[in-house]
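My entries are below the display.

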Amino acid sequence: MTQPAASRFPTPSINELPDDIRTRLLAVQEKSGFVPNVFLTLAHRPDEFRAFFAYHDALMDKDGGLSKAEREMIVVATSSANQCQYCVIAHGAILRIRARNPLIADQVAVNYRKADITPRQKAMLDFAMKVALEAQAVSDADFAMLASHGFSDDDIWDIAAIAAFFALSNRMANVTGMRPNDEFYLMGRLPK
């Protein structure tokens, strides 16, 4: 039995969507073999879908001082703290693939402080968690600590922006009752 993408709001049919959104969903489906439920759920509000994914892509698909795997680490750690099952499962799959490590996502989701990551990455996640859970407490000392690990001001902005953006995503996933696609659970766990 196919489960709905989200339990609290209607999921539009791909054929009913505006052309640009339908094209994006079909491209994702072609690449991954399925349409992640976040796309289907957010397509309920086309203007917000476009804004959400424009910002998502600007943060997650760019080059810079953070690797794509490190960007996913931020999502997994902060989504775990925000108790967002969808984002932990979906971005955990992406993290496993980008890091080429079948264990990393589970370690980061459960307790990043004990994960097999570098001291630099732990510092990055310490800051991301502070942004996610107590942004009012961020201080110059946090910037100095990150700089001592080689992070630039642009990197620090990216860490903060990813943590903040996914706080929005986590809350919407929880409010909509978004369900992780079954396909995510096995992705990146076994070598191809």
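These entries take each point in turn, and I note that the model is predicted.

**Helix pair**

I looked up how H5 and H6 are placed. H5 covers residues 85-99 and H6 covers residues 104-111; their axes come within 8 Å and cross at roughly 135°.

From H5 they are Val 88, Gly 92, Leu 95, Arg 96 and Ala 99, and from H6 they are Ile 104, Ala 105 and Ala 109. Sorted by class, this contact has six nonpolar residues, one polar and one charged.

**Cysteines**

How many disulfides does the structure hold? I found zero. Cys 84 is in no disulfide, and its nearest cysteine sulfur, in Cys 87, is 3.5 Å away. A disulfide needs the sulfur atoms within 2.5 Å, so I put down the 3.5 Å between Cys 87 and Cys 84 as too far for a bond.

I also checked burial. Cys 84 has 1% relative accessibility and counts as buried. Cys 87, with a relative accessible area of 2%, is buried too.

**Gln 121**

I found Gln 121 in helix H7, residues 119-134. Is Gln 121 buried or exposed? Its relative accessible area is 12%, so I recorded Gln 121 as buried.

Leaving aside neighbours within four places in sequence, I have Gln 121 in contact with Glu 70 and Met 73. With Glu 70, the side chain of Gln 121 makes a polar contact of 3.2 Å.

Methods:
Residues numbered from 1 in each chain as written. Predicted model: local features only at pLDDT ≥ 70, side-chain atom pairs only at ≥ 80, totals over all residues. Heavy atoms only, no water. Axes fitted to C-alpha atoms, helices over the stretch in contact; angles between N-to-C directions. Helix = DSSP H or I, 4+ residues; strand = E, 2+ residues; numbered from the N terminus. Contact = heavy atoms within 4.5 Å. Nonpolar A, V, L, I, M, F, W, Y, C, P; charged D, E, K, R; others polar. Buried < 20%, exposed > 50% of the residue type's maximum accessible area, 1.4 Å probe, protein only. Polar contact = N/O pair within 3.5 Å; in protein donor to acceptor, adjacent residues only side chain to side chain.
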